Amino acid sequence: MKCCRRVALVLLGLWLVFCLSVPGGRAEAAASRANDAPIVLLHGFTGWGREEMFGFKYWGGVRGDIEQLLNAQGYRTYTLAVGPLSSNWDRACEAYAQLVGGTVDYGAAHAAKHGHARFGRTYPGLLPELKRGGRVHIIAHSQGGQTARMLVSLLENGSKEEREYAKAHNVSLSPLFEGGHNFVLSVTTIATPHDGTTLVNMVDFTDRFFDLQKAVLKAAAVASNVPYTSQVYDFKLDQWGLRRQPGESFDQYFERLKQSPVWTSADTARYDLSVPGAEALNQWVQASPNTYYLSFATERTYRGALTGNYYPELGMNVFSAAVCAPFLGSYRNAALGIDDRWLENDGIVNTFSMNGPKRGSTDRIVPYDGTLKKGVWNDMGTYNVDHLEVIGVDPNPLFDIHAFYLRLAEQLASLRP
């Protein structure tokens, strides 16, 4: 019996030594972490929350649940669910309320300017400790990167317009617009259109024959009033009054909808994702010296030898390959400064736009040299995946999505506050 116990103890000891010595093992990872800030995942345009789409995860899709994966490896991770069609301002306000808790406050000045409600939904708060000096990492995909940048800017600098409006009209002011808050340790953007995407120009072309924005918003308005629709896909457009009110007839509802300013508003994702909209955002949303910025670019096209245009590679998701990538890969516009550099793309966004804000921006973009730097954009390189493969919604067996996000989480945990 003593011999058996000795063997068991030896085996246990060997197992512990193995766990402590294996590169990337939990014990080693925990010991090497310079911060324990949680990770927050922020989706892009048309994205959804964890409880929507019958449980099909935006972050992971067919490749598994990224939030669950990171949590299992000791990286405390949460997922935000903001307006899929909303402007970056509205999305940033929603992200703030979801993080710290409370009712969404879009700002009195902003609401008055754009003609929608000032207040939105109320949330319990995923990380209320942020109000007491905590820090957080934001990993954002696509439009989520623009939203994250705006959130950091509002937290640190607030909004002069909102402060002046609140004082002049004697109304309350959200803490978000006060400024002086520094709880975002890092922002990682993945396939983000920092300078916009020319895909919006394709939509503009179709508007000569068909008002796509109006059609989409009308569909959202109708769908938002169908029972249980929000459990499948929640448009989160409450601020625009797109929900039918109690006791309101359908005739009254649609008459009210026709008068809504949302149909022609620039306070939507469509404007923010356009090249002019992104440039306008870049002019006032600047990198914070207190935050690390990492940018990952994606591409899934090749250059044609005869035309110089870019064409979708085999494996790109069918819709992007058939509809979006051919337009992105051939669209040039001298008036907008859209030249050959913009042709490479991932099926949704121009690769040239992804490494950080350039148009109208004073931010610096530097190649990653093994050391992440604060206050500048650390260009982490370009990956051969399309816009949906990088989040797992579209499968790519050649891209190890789990290794990608675990490696990223390890890098973020190594950052010195």
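## Two helices in contact

In this predicted model, helix α4 meets helix α6 through two sets of residues. From α4 come N88, W89, R91, A92, A95, Y96 and L99. From α6 come Q143, G144, Q146, T147, M150, L151, L154 and L155. Sorted by class, the contact has nine nonpolar residues, five polar ones and one charged one.

Two packed helices are described by the angle between their axes and the distance between the axes. Here α4 covers residues 88-100 and α6 covers residues 143-157. Their axes come within 8 Å and cross at roughly 70°. An angle from 65 to 115 degrees counts as roughly perpendicular. The two helices α4 and α6 are therefore roughly perpendicular to each other. The crossing of α4 past α6 is right-handed.

## The sheet

Now for the strands. Strands of a sheet pair through backbone hydrogen bonds, either parallel or antiparallel.

Follow some of the pairs. Four bridges join β1 to β5, and these strands run parallel. In that pair, L41 stands opposite I139 of β5. Six bridges link β5 and β6, again in the parallel sense. There, H141 has I190 in β6 as its bridge partner. Further along, strand β7 (residues 292-298) is joined to strand β11 (residues 377-383) by five bridges, and the two run parallel. Residue T298 sits opposite Y383 in β11.

## A closer look at β5

Is β5 largely enclosed or open? Six of its six residues are buried, so β5 is largely enclosed by the rest of the structure. Buried means under 20% relative accessible area.

In a regular strand the side chains alternate between the two faces of the sheet. In β5, V136, I138 and A140 point one way. H137, I139 and H141 point the other way. All of these residues are buried, on both sides.

## Helix against sheet

Conventions. Residues numbered from 1 in each chain as written. Predicted model: local features only at pLDDT ≥ 70, side-chain atom pairs only at ≥ 80, totals over all residues. Heavy atoms only, no water. Axes fitted to C-alpha atoms, helices over the stretch in contact; angles between N-to-C directions. Parallel < 35°, antiparallel > 145°, perpendicular 65-115°, else oblique. Left-handed = near helix turned anticlockwise from the far one by under 90°. Contact = heavy atoms within 4.5 Å. Nonpolar A, V, L, I, M, F, W, Y, C, P; charged D, E, K, R; others polar. Pairing = 2+ DSSP bridges. Buried < 20%, exposed > 50% of the residue type's maximum accessible area, 1.4 Å probe, protein only.
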